[in-house]
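Work through the following exercises with the sequence and the 3D structure side by side. Each task is followed by a solution that goes step by step.

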Amino acid sequence: MGIKVTREEVGKAVVFAVEGSVDIASSPELRGELRQAVEQKRPRIVVDMAGVAFVDSSGLATLIEALQGTSRYDGKIVLCALGSTVLGVFQLANLDSIFTITKTREEALAA
Amino acid sequence: MAKRWDGIRISIDADPKYLDALRAVLAESTSILGLDEDETAKIALAVTEACANIFRHCYGGQPGERIDVEIRFETGLFEIRIADYGEFVDPAQMKGRALDDVKPGGLGLHFIHTVMDGVEYRKNKWGGTTLILQKRIEESAAAQDEFGFDDLDAD
């Protein structure tokens, strides 16, 4: 299954639409994309997870790394469209209160 | 004649690229028992984290070593045994991170212990670790046969 990451520029924001399973095998690809956006100090990074069927601790670590990266230059990362099982993993780790999570991409761009 | 055992045994190379296939087998297995999507996802998470720990800490991230997975259908219990061929690690030495110490990493053990009803580490006869993960299931959904799994056998 692997992962597919599609990058889209929306104004000053960059949106990454992720499809597949974000695990120890695939998270390096997402990490590379997010690191690049953080290095570019993009003010808003949106990760659209509508197509994510599974996420593990490696996937969460990738997102936490990006969250910490954006906080260093006052940027923001917003996650959107999480399915119930993926949201459940965030809740297990108490990360649903750490990340800004919205239901839709439009809300993420406005959050 | 009573069945000696009921379940699935598979071996994978210790390479993360096989985790999707392993999760697919798990999903088929839980569907046999009638477990819902949420329970299936939790079990898949625990098994993924367990295998990831083997990849990283037992085999040093190098593919080419073997992981054996045995999925057992017991009455009222769904059990997954994951065996490696590395060195046995004392569970007391395994440490995750506190949830409020937000940083990358350290969540795998927390997930395993949170989503499973039983977690046990045993030293196996090859000197490695067999991790036994258990999930209680409702009697109505459990297989009703008698079982007698032996420990995972070496080829």
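**Exercise 1. Determine how many residue pairs are in polar contact between chain A and chain B, and which elements of chain A supply the side that touches chain B.**

Solution. Between chain A and chain B, 5 residue pairs are in polar contact, with both residues at pLDDT 80 or more; a polar contact is a pair of N or O atoms within 3.5 Å, where within protein one must be able to donate a hydrogen and the other to accept it, and residues adjacent in sequence count only if both atoms are side-chain atoms. Next, the elements that each supply at least two residues of the side of chain A that touches chain B are strand S3 (44-55), helix H2 (57-71) and helix H3 (84-92) of chain A, where helices (H or I, at least four residues) and strands (E, at least two) are DSSP runs numbered from the N terminus. H2(A) gives the most to this side, with 7 residues. By class, the side of chain A that touches chain B has 13 nonpolar, 7 polar and 3 charged residues; Ala, Val, Leu, Ile, Met, Phe, Trp, Tyr, Cys and Pro count as nonpolar, Asp, Glu, Lys and Arg as charged, and the others, Gly among them, as polar.

The model is predicted, so that local features need pLDDT of at least 70 and side-chain atom pairs count only at pLDDT 80 or more, whereas totals for chains, interfaces and linings use all residues. Residues are numbered from 1 along each chain as its sequence is written, chains are lettered from A and ligands numbered from 1 in the order in which they are written, and side-chain values use heavy atoms, with hydrogens and water left out.

**Exercise 2. State how much area chain A and chain B bury between them, and locate the salt bridge across the interface.**

Solution. Begin with contact (heavy atoms within 4.5 Å): 23 residues of chain A are in contact with 26 residues of chain B. The two chains bury about 1800 Å² between them, 69% of it on carbon and sulfur atoms, buried area being the accessible area (1.4 Å probe) that two parts lose on being put together, summed over both. In chain A, the residues that lose the most area to chain B are Ile24(A), Phe54(A) and Leu92(A), together 31% of what that side buries. Finally, the rule finds 1 salt bridge across the interface, a salt bridge being a side-chain nitrogen of Lys or Arg within 4 Å of a carboxyl oxygen of Asp or Glu. Asp23(A) forms a salt bridge with Arg23(B), and their closest N and O atoms are 2.7 Å apart.

**Exercise 3. Find a salt bridge that links distant parts of chain A.**

Solution. Over all chains, the structure holds 19 salt bridges. One of them joins Asp48(A) to Arg105(A), with the closest N and O atoms 3.0 Å apart. Asp48(A) lies in strand S3 of chain A and Arg105(A) in helix H4 (residues 105-110) of chain A, 57 residues apart.
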